[in-house]
Amino acid sequence: MMPDIKPTTNPIDASELSFEDFKTIVVNDYKIAFESRQASLLGRKEVLTGKAKFGIFGDGKEVPQIAMAKAFKNGDWRSGYYRDQTFAFATGICTIKEFFAQLYANPSVEAEPASAGRQMNCHFATRSINEDGSWKDLTAMKNCSSDIAPTGGQMARLVGLAYASKLFRQNPELEYLKNFSVEGNEVAFGTIGNASTSEGVFFEAINAAGVLQIPMAISIWDDAYGISVPAKYQTTKEDISEILKGFQRDENAAGYEIYKVRGWDYPALCETYQKAIDVCRTEHVPVMIHVTEVTQPQGHSTSGSHERYKDKDRLDWEKEYDCIVQMRKWMIESAIIPEEELAALEDEAKKFVRETQKEAWNEFLADIKTEKDQAIELINTLAKGNPALTKITTQLANTPDAQRKEVISSARKALRLSLQHPSGERNELLEWYKEQSGMNTERYSSKLFTDGKESPFLVEVVEPEYNELSKMVDGRELLNACFDANFGRDPRLVAFGEDLGAIGDVNQGFAGLQAKYGDLRITDTGIREMTIVGQGIGLAMRGLKPIAEIQYLDYLLFALNVLSDDLASLSYRTKAGQKAPVIIRTRGHRLEGVWHSGSPIGLILGSLRGLHICVPRNMTQAAGMYNTLFRSDEPALVIECLNGYRLKEKLPENVGAYTVPLGKAEVIKEGSDLTIVSYGSTLRIVEEAAEELAQFGISVEIIDPQTLLPFDTDQLCAKSLNKTNKLLVVDEDVPGGGTAFILQQILEEQKGYYSLDGQPQTLSAKAHRPPYGSDGDYFSKPSVDDVVEVVYQMMHDHNSVKYPAIF
């Protein structure tokens with residue numbers, strides 16, 4: 001077995017190097033670049049021959065990425081995109097064997113530590129946490145935040161990764177966090193393609209970093225195209241650094257240091273990156289390195305060929321100015337290495353990459369081959385001459401390099417065909433299949449959440465405490481007291497959002513807290529929802545406990561791409577190798593008007609699996625959920641009730657310490673005739689309706705799930721249906737939105753269907769958004785009248801004599 005080596009690059013300090021030392025570094029750099037190119041070429045062949053499903057590679061960017069890697073130090077972070085394979089090799093973030101293991105989707109964390117085969121190739125990540133969910137020493141390693149495929153999606157998170165360095169440097173209360181920062185000296189490196197700089201998240205992030213003045217270094221790989229679309233259709237003036245010149249700092253205003261360098265000029269690249277990152281690291285200012293004249297020899301991906309859209313002149317130019325060709329030419333002309341010695345190095349590199357690829361492929365197939373042999377033996381034993389079963393094993397045995405799906409599919413088919421012939425042999429196959437199913441669930445469907453030792457489900461449940469002196473306060477005051485107590489307890493907590501700092505948020509939950517804890521911890525931001533969320537993700541990945549506020553739930557849509565693509569999938573796509581325990585705080589439900597009364601719960605439930613979705617009915621419950629989340633390490637969305645901030649609630653004596661467990665529903669009114677499940681603001685509507693229904697002799701049981709993800713883990717809803725046999729789900733989402741999810745959970749997951757004696761009903765808002773005004777609210781969202789009449793109609797359908805029709 002070949003050693004899985006990491007031939008990393010080293011900085012060049014010409015003032016201290018002998019020629020031989022200089023030659024060694026340069027030749028090693030060329031070797032890394034050349035091996036990376038061979039990995040790209042061979043990777044494409046593996047896709048086209050069917051061994052891998054899809055390939056996207058970093059060819060053409062090798063030399064600039066070598067230069068960037070020289071400036072990358074332990075403790076630094078990368079937030080890039082899928083062209084950075086040479087950088088990953090040069091920093092030791094990934095080996096060539098791991099690169100091929102990812103190409104083949106090897107589900108082993110040991111073989112493919114970035115994602116355990118869950119991401120396509122060139123999506124890199126380092127493992128920031130241990131198996132128990134505890135943090136590693138991030139200052140002792142080169143860190144890479146997990147890539148996502150949306151080509152500008154890395155920009156939002158990049159802001160937070162860089163902002164963390166600012167907080168670590170400027171807030172002395174964080175000095176004790178030795179495993180996360182060394183005096184804030186870490187740089188966050190970002191990369192992006194020139195075409196993706198057209199995306200809104202790029203401009204939002206660039207502006208945010210300029211305002212915040214953080215050590216963020218963004219490299220733009222400019223090959224003049226975005227797949228087949230040339231720069232003239234992508235960028236004004238066809239030059240991103242040209243149009244961003246206004247961001248250049250000067251003696252009168254803060255801003256960026258902007259550099260431009262050609263992607264095939266090795267000496268200039270090394271010099272530029274050393275200079276740019278020194279400025280970024282020491283002065284804590286953002287820098288932009290625009291790397292021009294980059295090529296892409298194999299085109300965008302294995303899905304097509306760039307010869308279809310590039311003319312002959314362009315293709316000829318790309319061959320001449322290929323960065324490896326130019327570096328090779330420079331090395332020979334500069335007498336660094338003779339051509340014959342270089343040719344021998346190249347031959348050895350080709351052999352090494354080919355042997356490494358074969359080893360990665362064989363390791364990928366090894367476990368599958370064992371499973372294949374087991375399946376064939378079990379099915380053959382079961383077959384006893386049955387031609388249909390024998391055909392299955394013959395076909396499987398004759399499938400070269402069969403993958404796991406062929407093996408398991410064969411077993412399932414054999415079990416179906418033998419259904420009418422129970423036997424000991426069938427039981428053996430069935431037990432093997434069940435064992436494999438468990439293993440495959442772990443391989444392919446585990447770790448949506450980290451599930452570590454700081455899981456919210458391990459937080460001690462502490463009840464709120466009251467006494468005769470406990471005060472009745474506005475809901476906003478209760479929240480304020482909760483935040484105050486926790487910020488005083490844990491210096492890792494930070495909060496930021498639009499209008500959050502100076503005025504304490506639009507509903508005063510943070511009133512006075514910026515003055516008490518300082519504007520590093522409680523901060524206003526610009527109107528930039530994507531990078532508010534990204535700021536939170538990056539801070540959380542670096543060991544802090546951020547609250548990222550989105551002012552209204554309606555505005556969550558402006559950050560949904562970042563929440564869904566990045567935050568919600570982080571634990572899953574790294575198989576719990578990284579975590580970002582950020583809390584997204586917002587407010588929604590009942591108010592008035594199209595843009596300030598949103599309840600897009602179905603949208604949220606469909607797109608944010610991987611976040612806990614908390615829907616507290618009042619601020620007492622909200623504070624308890626915050627207390628739980630502050631003591632745990634998984635991300636969550638908390639939706640406060642917009643119309644609850646000025647309603648009176650009793651202030652718990654332990655306001656910063658009591659906890660509300662996630663996933664635990666609560667019966668807030670017992671009843672015997674019908675179960676109503678609702679959450680958030682509509683619960684007050686339902687409670688009021690219950691009083692009128694009692695006058696008709698109708699006893700309703702009201703259940704508040706409190707969190708929608710997870711949903712009612714104790715199955716109180718199903719237990720209630722055992723008693724009432726009737727179900728109504730009420731919320732403010734569109735028809736078939738959140739109510740459809742709740743029905744699926746109760747009827748299917750909890751088997752509540754078997755307790756029903758009538759059709760379950762839903763009562764939601766209208767399909768449109770609410771128009772402005774009290775009348776608009778009344779006619780578009782569930783009212784007390786609506787709840788009373790729907791419940792009464794359900795009882796009428798059950799017993800029309802006792803409950804005659806109203807209308």
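By class, how many nonpolar, polar and charged residues does the lining of the second largest pocket have?

Analyst: The lining of the second largest pocket has 13 nonpolar, 1 polar and 6 charged residues. Here Ala, Val, Leu, Ile, Met, Phe, Trp, Tyr, Cys and Pro count as nonpolar, Asp, Glu, Lys and Arg as charged, and the others, Gly among them, as polar.

A word on ground rules. This is a predicted model, with local features needing pLDDT of at least 70 and side-chain atom pairs counted only at pLDDT 80 or more, while totals for chains, interfaces and linings use all residues. Residues are numbered from 1 along each chain as its sequence is written, and side-chain values use heavy atoms, with hydrogens and water left out.

Back to your pocket. Its volume is about 410 Å³. It is lined by 20 residues, and P11, I12, D13, C270 and Q274 lie closest to its centre. Helices α2 (62-70) and α8 (266-283) each supply at least two lining residues, and α8 gives the most, with 9. Helices are DSSP runs of H or I, at least four residues, and strands are E runs of at least two, numbered from the N terminus.

What counts as a pocket? On a 1 Å grid over the protein atoms alone, a pocket is an open set of points with protein on both sides within 12 Å along at least five of seven lines, a cavity is a set where a 1.4 Å probe fits but cannot get out, and lining residues have an atom within 4 Å of a point. Points are joined across faces, edges and corners, and a volume is the space filled by probe spheres set on them.

Now the largest pocket, at about 650 Å³. Of its 32 lining residues, K53, Y104, A105, F364 and Q403 are nearest the centre. The elements giving it two or more residues are α4 (96-103), α11 (339-383), α13 (404-417) and α14 (424-445), with α14 giving the most, 5 residues. Its lining has 14 nonpolar, 11 polar and 7 charged residues. Domain 1 (51-336) and domain 2 (367-445) both contribute lining residues, so this pocket lies between them. Those bounds come from an automatic or database domain assignment; domain 3 (456-650) and domain 4 (666-798) complete the division.

While we're at α14, N440 is found in that helix. N440 counts as buried because its relative accessibility is 13%; buried is under 20% relative accessible area, exposed over 50%, partly exposed in between, with a 1.4 Å probe on protein chains only. Leaving aside neighbours within four places in sequence, N440 is in contact (heavy atoms within 4.5 Å) with R404, I408 and S445.

On to the packing. The largest nonpolar core has 120 residues, with I584 and L708 making the most contacts inside it. Helix α5 (residues 154-170) provides the largest share, 10 residues. Apart from this core lies another of 91 residues, including V26, C144, V287 and I368. A nonpolar core is a set of buried Ala, Val, Leu, Ile, Met, Phe, Trp, Tyr and Cys residues joined through side-chain atoms within 4.5 Å.

Finally, there are 5 cavities of 30 Å³ or more. The largest cavity holds about 70 Å³, and its lining includes L448, F449, L567, Q578 and P635. L567 also turns up among the residues that I584 touches.
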